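Please consider the sequence and the three-dimensional model shown below.

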Amino acid sequence: MQNRYRNMIARFAGMGVLIAVILTPAPYHAQTQAQPAQPYRAPRTKDGKPDLNGIWQAVNSANWNIEGHGAAPGPFWQLGAEFSVPPGLGIVEGGPIPYKPEALEKKKENFADRMNRDPEIKCYLPGVPRAMYMPYPFQIIMSPQYIMMAFEYAGALRTVYMNHQDAPADSWMGWSNGHWEGETLVVDTTDFNDLSWFDRSGNFHSDALHVVERLTAVDKDHLNYEATIDDPKIFTRPWKISMPLYRIVEQNAQIIEYKCVEFSEDVLYGKLRKVPIK
Amino acid sequence: MSQRLFTPLGAILALVIIAAFLMPSPAAGQTVKSGTNALNVAPAPSAEAKPWVVGKTPDGQPDLQGYWSNNTITPLQRPNGVTKAFYTKEEFLEAATKQAERDGEEATPGTVEDVHYDHTQFGLDRTQATLTPDLRTSMIIDPENGKLPPMTPEGQKRAADRAAEKRKQGAQYDQAQNLSTTTRCIYMNAGPPMLPVAYNHTYQIVQSPGYVMILIEELHEVRIIPLDRRPHAPQNVRSWLGDSRGHWEGNTLVIETTNFNDKVAFQGSSQDVKVTERLTRTGDETIHYEFTVEDPHTWTQPWKAEMPFIKATGPIFEHACNEGNYSMSNMLAGARREEKRAAEAAAKKGNQ
């Protein structure tokens, strides 16, 4: 008899657990099964850091305009659909870029006069963060002391110093010091000149630009990239861009030399030819 | 101005420092830093040194990492009249001093001829950067005479065709495209083979699993060399620096490069030239560098050269050459101005 009661109690208790499981809201189930709250842990390098080695590329149209934009014609009617502007949702978080009024005017002038002013036309170094989302691949090469980022466009290069060093001079690509925050590579870049642009739409900065980037592997073939852009001479407050970076997974993929100086010589010096260019 | 002030001082200091290099004391050859920009010679490797054991990177590659320089007075080809492979230290002193004098040669002060780059302001030419202590009379060691081998008839014809093509383009200052690739910020001896250039002969090697990366300061050239024995890129993918593949043979990094474009024309080579480089770390401060050039379309035999890379001080600076190429605009504008003046003078003469 006692045994029967005990069995019944056990059965009821069992049913109770079952009912409790059934009654629990669905999201709880999902969480306990797939555990999406657990962040991805990247494979480690031999010295124990998240391994971000590889060839990466942004897949968006931010190089045309980092803000959202519809499709638009290119600068030469003769080229028709080729070299027209592909549309994009933009990579700027939370509304328009917070330009100071006079800086916004300059941005508009830059765009109107882009054929003369756009540094990309002249094959100038792309600066940061633009190098990260030009529509060409770049390779990350990690050693304990240095993380190199080698870009296909113009053979541009960034050295991220993992043992802090001070900038010896201003430069196009700035001076980058890096450190790890758990899974995230944090790169702090300063000491820029005021000559590079963010895109082909005339978005620009001054030599007070300060970029803090965060690169985090979210699975084996994707990095989450975000950057905070601060430049008190140009913007009313710091603002943020974000996008994924995709691993180039093709076998034997490589960064191929893309020297563009030759292609820009008549833009830069055509007017000074003995026989004017036709 | 500072170039002129610096030069005689540099030459004198060169003598003093090289003399120190010749002395057999344990301190001989220590790189001498001076308040002024003195000519420095790196310490010569000691014959009695203990065998060097190369360190390993975290993933087990022999460690070539660091900043390096191949600044040297040794020419690629042996100078005419020199018949031996190595100078004595005394002869090296003489050659280095002559070179320092040539580098600092000045024309009549205040004349157009005396206008030249002031390396004390923007770079490190040979007289300022540390020199390798190599006593070779030429980098070329094969053929034994230290000279390039004879050109094949095909190579000679190509050289003549290229010269004719260049003449067709007009005079040097007619257009940007007629100037040297160095002046145009397109190509500055990055190679391969990696040869010293006019200034800032600085390199950085970084290794990651499966790759060796060599950053060349001049023109921020980056060589990313895969080590996984993958095949070369298709042969229609051609470039100035070619397509490099590397592998380790013991402690030696062997890099084979093909797929050059036809504009490189290294010492007159065809685009099908193959360059094989071998880098071996021989000490904390040195990498032994040798390369073989094979191009049956150009030379009657392969040829081989060698030279050391010595440890340098970082960091590498951003060499934004195209971005600051004022000299190109100035030279072309100057040439147009000269033409205009000449035309005006001729018109004036015609009117008289």
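The model is predicted. In the contact between chains A and B, chain B contributes 40 residues and chain A contributes 36 residues. On the side of chain B that touches chain A, the elements giving two or more residues are strand 5 (202-208), strand 6 (211-216), strand 7 (221-226) and helix 5 (326-351) of chain B. Helix 5 of chain B gives the most to this side, with 5 residues. By residue class, the side of chain B that touches chain A comprises 22 nonpolar, 10 polar and 8 charged residues.

The largest nonpolar core holds 99 residues, of which Met148(A), Ala150(A), Leu157(A) and Met213(B) touch the most other members. Strand 3 of chain A, residues 146-151, gives the most to this core, with 6 residues. Once residues up to four places away in sequence are set aside, Met148(A) touches Ile141(A), Leu157(A) and Thr159(A), together with Val206(B) and Met213(B).

The paired strands of chain B come next. Strand 10 (residues 274-281) of chain B runs antiparallel to strand 11 (residues 286-294) of chain B, and 8 bridges join them. Within this pairing, Val293(B) in strand 11 of chain B stands opposite Val275(B).

How values were computed. Residues are numbered from 1 along each chain as its sequence is written. Chains are lettered from A and ligands numbered from 1 in the order in which they are written. This is a predicted model: local features need pLDDT of at least 70, side-chain atom pairs count only at pLDDT 80 or more; totals for chains, interfaces and linings use all residues. Two residues are in contact if their C-beta atoms, placed from the backbone, lie within 7 Å. Helices (H or I, at least four residues) and strands (E, at least two) are DSSP runs, numbered from the N terminus. Ala, Val, Leu, Ile, Met, Phe, Trp, Tyr, Cys and Pro count as nonpolar, Asp, Glu, Lys and Arg as charged, and the others, Gly among them, as polar. A nonpolar core is a set of buried Ala, Val, Leu, Ile, Met, Phe, Trp, Tyr and Cys residues joined through C-beta atoms within 7 Å. A residue is buried if 20 or more other C-beta atoms lie within 10 Å of its own, exposed if 12 or fewer, and partly exposed in between; C-beta atoms are placed from the backbone. Two strands pair if DSSP finds at least two bridges between them.
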